[in-house]
Amino acid sequence: MTCPETTSIGAYVLGALEASERHAVEEHLSTCSACRETLLQFAHLPGLLHAVPVEDIEIAPPEPAPLQLSKKKRPRKRWVLAAASAATVTGVVSWGLVTAPASATWTATDGVGGIDTTAKLVSRGWGTDIQLRLTDLKPYERCMLVVHSRNGTTQTAGWWAANGSYQAQVPASTSIPLKDIDHLEVVDAGDTVLSTVSPTTR
């Protein structure tokens, strides 16, 4: 069953609510499992929105050029064979260059209150996909994931509320490329850093 209050979750995740409205949503999240599930589904939106250039939103795409058909001369046979040979060589070279997306797994076991954190990061064309797993959280802990880049900039990759099972699995994302991420922080509603993960943490 869908809760009617789920319509406010998107605005909550994006930080578009007033303080009083945000407090009301957080109070509701502590008692509504449907809204907590929706919150997890929306947690990755802030990071994805960072990856969308403003000009792509404000400028309409150009009208397609009229289709023009023209009759071309058939190439001589030797040119056909040369093109086929070149395509074969290119295909072999391209195949050798195709690799899986860069990825990394960072862990930390020294978080506040014994929190264990695992972050699986995968490089994408628009930035980095993050799958976050935390255990030993306080029940109904309200947290956010903050991504810190090597040049000092930060992005909030999502908000969520832990359920009563002392753990959370959070999908998140950031427009910061994987190679440029210095570390991740899990921060609670009071701005306390609960956990930090990076390539050097264990």
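A definition before the sheets: two strands pair if DSSP finds at least two bridges between them. Strands themselves are DSSP runs of E, at least two residues long, and helices are runs of H or I of at least four, both numbered from the N terminus. This is a predicted model, where local features need pLDDT of at least 70, side-chain atom pairs count only at pLDDT 80 or more, and totals for chains, interfaces and linings use all residues. Residues are numbered from 1 along each chain as its sequence is written, and side-chain values use heavy atoms, with hydrogens and water left out.

Now the overall layout. The chain has six helices and eight strands, and from the N terminus the elements run α-α-α-α-α-α-β-β-β-β-β-β-β-β.

Strand 1 is joined to strand 2 (residues 116-124) by six bridges, and Ala-108 stands opposite Thr-117 in strand 2.

The other sheet to show is also open, with four strands in the order 5-4-7-8 and antiparallel pairing. Strand 5 and strand 8 (193-197) are at the edges with a single partner strand each, so one side of each has no neighbour in the sheet. Here the twist averages 20° from one strand to the next. Seven bridges join strand 4 to strand 7 (residues 181-188), and Met-144 is placed opposite Val-187 in strand 7.

Next, helix 2. Which residues of helix 2 (residues 19-29) are buried? They are Arg-22, Val-25, Glu-26 and Leu-29, where buried means under 20% relative accessible area, exposed over 50%, and partly exposed in between, with a 1.4 Å probe and protein chains only. These four lie on the same side of helix 2, because they cover an arc of only 100° around the axis; the arc is that of the directions from the helix axis to the C-beta atoms. An α-helix has 3.6 residues a turn, so residues three or four places apart point the same way. Their cover includes helix 1 (9-13), helix 3 (33-42), strand 4 (142-149) and strand 5 (154-161), by contacts, meaning heavy atoms within 4.5 Å.

Last, a total: of the 202 residues of the chain, 34% count as buried.

How values were computed. Axes fitted to C-alpha atoms, helices over the stretch in contact; angles between N-to-C directions.
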